[in-house]
Every structure is written in structure tokens, then in C-alpha cells.
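Let's take a walk through a protein chain together. Have the sequence and the 3D view ready, and look things up as we go.

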Amino acid sequence: MALALDRQGDRQGDRQGRGGGGGKRPVIAVAVPPYANRTIILACVLAFVLRLPPESFAFVPAYFFGTVELAGPLPTAALWRGLFGHVLIHGDLTHLTSNMAVLLLLGDVVEREAGHLRFLLLFFAGTVAAALTEGLLAADRMAPLIGASGAICALMGAFLWMRPRFGLLSRRLPRRLVQGAIVVFALLNAAMTLMPPPAGSPLAEVGWGAHAGGLAAGLLLGALLLCLAGPRRPATVG
């Protein structure tokens with residue numbers, strides 16, 4: 001478990017201790033173990049290994065927004081299962097491993113900094129925002145949406161507000177490099193959302209709208225949950 005010592009408090013304590021006044025206790029910030037993020041990763045891997053049927057967990061925008069022939073939203077189990085369950089389903093091994101690698105990198109950091117509850121709020125709010133944005137912008141609302149990338153994009157948006165205290169990304173250069181890559185990715189998504197690729201292109205199969213919705217949700221909720229709520233109080237050595 002990572003620990004970060006408050007060096008200023010420690011120095012003040014040393015000076016006070018030498019003066020005989022009883023030193024100030026050093027303050028230690030304790031990293032929250034990323035249990036929720038690791039559980040989500042495990043669930044996605046198990047869903048892939050067990051070959052859960054995509055048709056049962058994919059989000060179909062027509063079920064929520066409707067079509068010319070189909071009224072919506074339809075208050076059925078398939079709608080709610082797809083709205084949240086689509087994050088578990090991945091099309092192939094490349095799709096799974098790329099998403100899980102990013103989720104492992106960023107999800108652990110966000111959960112350690114934000115705590116379990118705020119992490120889950122970000123992840124599932126991003127899940128819903130991604131699905132609804134993709135459905136709203138989709139040319140074909142019967143096309144199913146699968147994958148965790150929209151929810152991961154919400155974590156990306158939240159990470160832009162963060163200055164992690166633990167791990168590699170607590171260092172300025174790695175943090176700036178990752179945040180810069182997120183900004184470039186966001187600009188690419190904005191371009192692809194505003195100017196969709198042609199129907200026959202492999203890029204047309206990417207859920208650009210889902211990414212955009214997740215990023216927007218992460219930016220907004222990240223500011224609300226992380227900045228306005230303030231940092232978590234560190235523990236004090238007894």
C-alpha cells in the first residue's frame with residue numbers, strides 16, 4: 001500500500017521536538033486499494049471467457065430512443081440490461097485487451113484518488129452517458145453498442161482534473177504526458193463525431209459518440225466530485 005509522508009509537517013515536528021515542545025505528528029496519506037476497478041476488469045474478462053451473448057447485453061439505441069417503426073423508450077429488462085451491461089461485452093481479444101489495459105492504468109489511479117464510491121459514480125455515469133450519446137447520434141439506432149470504452153473515457157475526463165499522489169502518474173512528466181494524450185484523443189473524437197467516417201470504413205465501427213459522451217460526463221462529474229468536494233483527509237500516525 002502506497003504511503004506519502006507530509007514532509008513539511010515532519011520538519012516542523014522535528015524543530016518543535018528539538019525545542020522540547022513536543023513535535024507535530026507527521027501526516028500520512030494512504031492510497032485506497034482499487035478493489036472496484038479490479039472487480040470490473042475481472043468481470044469483463046470473465047464475460048469474454050464465458051462468451052456471454054452480445055445480443056443479451058448490448059445496448060440497442062432504438063430500445064431507448066425508438067425508430068419510425070418502433071416506439072421508445074421501451075421499459076423492458078433488455079433496455080436496462082443493455083444500458084449498463086454493454087460495458088462487459090467486447091468484440092474480440094484486441095478490443096478486450098486494449099480497453100482493459102487503459103482501465104488498469106487509469107482506473108486504479110482514479111479510484112485511489114477519488115475513493116470507491118466516487119469512482120463507481122464516475123464509471124457508471126460515464127456508462128450511461130456514453131450509451132445515450134451514441135444512441136442520440138447514431139445513424140442506425142438498431143446497431144448495438146458494446147465495450148467499456150465509453151465508461152473509460154469518463155475516467156479520462158476526470159483524470160484531467162487530478163494531481164495523483166501515488167504511483168508513476170504522481171510524477172509531473174508522466175502525468176502531463178497521459179493528460180496530453182487524453183486531450184489529443186478528445187480532439188480526435190470531436191472530429192470524428194462532427195465529421196463521421198464513411199459507412200464502409202473500419203473507423204465507422206468505433207463508437208465515437210460513446211467516447212464523446214463519456215469524456216463530457218467525466219469532465220463535468222470530475223469537477224463536481226473531485227474538485228468541489230475537496231481532497232480526502234489523510235490519516236494521522238498515532
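Is aspartate 108 buried or exposed? Aspartate 108 is buried, because its relative accessible area is 5%, which is under the 20% cut-off. Keep in mind that this is a predicted model.

Now see who aspartate 108 pairs up with. Its side chain meets that of arginine 38 in a salt bridge, with 2.6 Å from N to O. The two sit in distant parts of the chain: arginine 38 belongs to helix α2 (residues 35-49) and aspartate 108 to helix α6, 70 residues apart. Arginine 38 counts as partly exposed, at 42% relative accessibility. What's the general idea here? Side chains of opposite charge can pair when their charged atoms come close.

The count of salt bridges comes to 2, so let's find the partners glutamate 113 and arginine 165 as well. Their closest N and O atoms are 3.2 Å apart. This pair also links distant parts of the chain, with glutamate 113 in helix α6 and arginine 165 in the loop between α8 and α9, 52 residues apart. Glutamate 113 is buried at 13% relative accessibility, while arginine 165 is partly exposed at 30%.

Next up, the rings. The model has 4 aromatic pairs. In one of them, phenylalanine 123 and phenylalanine 124 have ring centres 5.4 Å apart and planes at 85°, so this pair is edge-to-face.

The largest pocket holds about 1000 Å³. It is lined by 40 residues, and the closest to its centre are Glu134, Ala204, Glu205, Val206 and Gly207. Several helices give two or more residues to that lining, among them α7 (116-137) and α10 (208-228). The largest share comes from α8, with 5 residues. Sorted by class, the lining has 24 nonpolar, 12 polar and 4 charged residues.

One last stop is alanine 138, in the loop between α7 and α8. Alanine 138 is buried, with a relative accessible area of 18%.

Terms used. Residues numbered from 1 in each chain as written. Predicted model: local features only at pLDDT ≥ 70, side-chain atom pairs only at ≥ 80, totals over all residues. Heavy atoms only, no water. Phe/Tyr/Trp six-rings, centres within 6.5 Å; stacked < 30°, edge-to-face > 60°. 1 Å grid on protein atoms, 1.4 Å probe; cavity = no way out; pocket = protein on both sides within 12 Å on 5 of 7 lines; lining within 4 Å. Points joined across faces, edges and corners; volume = space filled by probe spheres on them. Helix = DSSP H or I, 4+ residues; strand = E, 2+ residues; numbered from the N terminus. Nonpolar A, V, L, I, M, F, W, Y, C, P; charged D, E, K, R; others polar. Buried < 20%, exposed > 50% of the residue type's maximum accessible area, 1.4 Å probe, protein only. Salt bridge = Lys/Arg side-chain N within 4 Å of Asp/Glu carboxyl O.
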